[in-house]
Structure formats: C-alpha cells, structure tokens
Amino acid sequence: MKRVLGIDPGFALVGFGVIEQDGNSFNVIDYGVISTPKEDSFSTRLANIYNSMISLIERYSPDDIAIEELFFFKNQKTVIPVAEARGVIVLAGIEKKIDLFEYTPLQIKQALTGNGRAEKKQIQFMVTNLLGLQKIPKPDDAADALAVALTHLQTNNQLVDNRI
C-alpha cells in the first residue's frame, strides 16, 4: 500500500487530497483546503499554511507528497505569494522527511486523460471516476489536489525526474 498527499499550492486556498493505493484500487482518505484569511498578515498566512501542512503530514503519514508545479500565466499578481506558500509547503515535507515530487499541469492532464490539453471538467470527471466518488470533489482546489495525487500514483515509476 502507498499513501500520497497531493497538494494544489495557493495562498488563499491550498488544496489537499490524501489517496491510498492498494494494487490497482484507490481509496480517498480525505480532501479539502487549507484556508488563510485575507485579513491576516502575509507572514501569518504563511505560518498557517506551514502549520496546517505539518498537521496533515502527522495525521495521515503519507509516503510521498505530490505538488502541482506553479503555472505562471494564470495570474501574474499572485505568482510570488503562491511561490512563497509553495516554499513553506516544501519545507514542511522536508522537515518531516517525506519524499516530494512535482508535476506540471500538462503532466497531470496527460496522466489522467491522455490529453495534455484536457479541460478542467475532463480532469474532474476522471478524478471522480477513478476514485469512485459520487460527485466532483469541491472546492476545485481539493479536486486539483486529488488529481495531483492520482498522477503521482499512476506515473511515479516513469517520472523519477519529478523528485524535488
């Protein structure tokens, strides 16, 4: 059995998804978001993300952490804060001695649909289908984190260069 903590990095919301693989079957352990209040200071928000990541790691004891690589064209204004949030996420994994891997949006789309240009709805459908869920996980950040975890579980043996 292998347990993976998937992360969709963000600053206001960090999506997380915990999946366990046993042979060819997947079991969703938990998913959701780490939310940081916009009225909190920048440093307080980063500390909140870090402490929440430590709690998730301690609660679920993942074998690996899979993180979506940042995509810079979405919103130029949030690139630096999201990159700094991603830094504290990586730090939490390193401090807890968990192997870290990263995947580009293209790799995630390719792994789940076979099409690197797949739409978000196609990814959500595949996540729901592969995990045997009744409905699409919400919010989108959580669904994205589950997609990252699934990508890692399906492709880890082929994508050894994805280690951080």
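Predicted model: local features only at pLDDT ≥ 70, side-chain atom pairs only at ≥ 80, totals over all residues.
**Notebook: a hairpin, a helix pair and one arginine**

Next I looked up the two strands themselves. Strand β2 covers residues 13-22 and strand β3 covers residues 25-35. They run antiparallel, and I noted 10 bridges joining them. I then checked how the chain gets from β2 to β3: the two form a hairpin with 2 residues between them. In that turn, G23 has a positive phi of about 65°.

On to the helices. I picked α3 (residues 105-113) and α4 (residues 120-130), which pack with their axes 10 Å apart. The angle between α3 and α4 is about 50°, which means that α3 is oblique to α4. I also looked up the handedness, and α3 passes α4 in a left-handed crossing.

Which residues in α3 and α4 meet? From α3 I listed K109, L112 and T113, and from α4 I listed Q122, I123, M126, V127 and L130. Sorted by class, this contact of α3 with α4 has 5 nonpolar, 2 polar and 1 charged residues.

My last stop was R3, which lies in strand β1 (residues 2-8). Which side chain does R3 join in a polar contact of 2.8 Å? I found that the partner is the side chain of E20. Leaving aside residues up to four places away in sequence, R3 touches V18, I19 and E20, then I29, and also Y60, S61, P62, D63 and D64.

Technical notes: Residues numbered from 1 in each chain as written. Heavy atoms only, no water. Pairing = 2+ DSSP bridges. Helix = DSSP H or I, 4+ residues; strand = E, 2+ residues; numbered from the N terminus. Axes fitted to C-alpha atoms, helices over the stretch in contact; angles between N-to-C directions. Parallel < 35°, antiparallel > 145°, perpendicular 65-115°, else oblique. Left-handed = near helix turned anticlockwise from the far one by under 90°. Contact = heavy atoms within 4.5 Å. Nonpolar A, V, L, I, M, F, W, Y, C, P; charged D, E, K, R; others polar. Polar contact = N/O pair within 3.5 Å; in protein donor to acceptor, adjacent residues only side chain to side chain.
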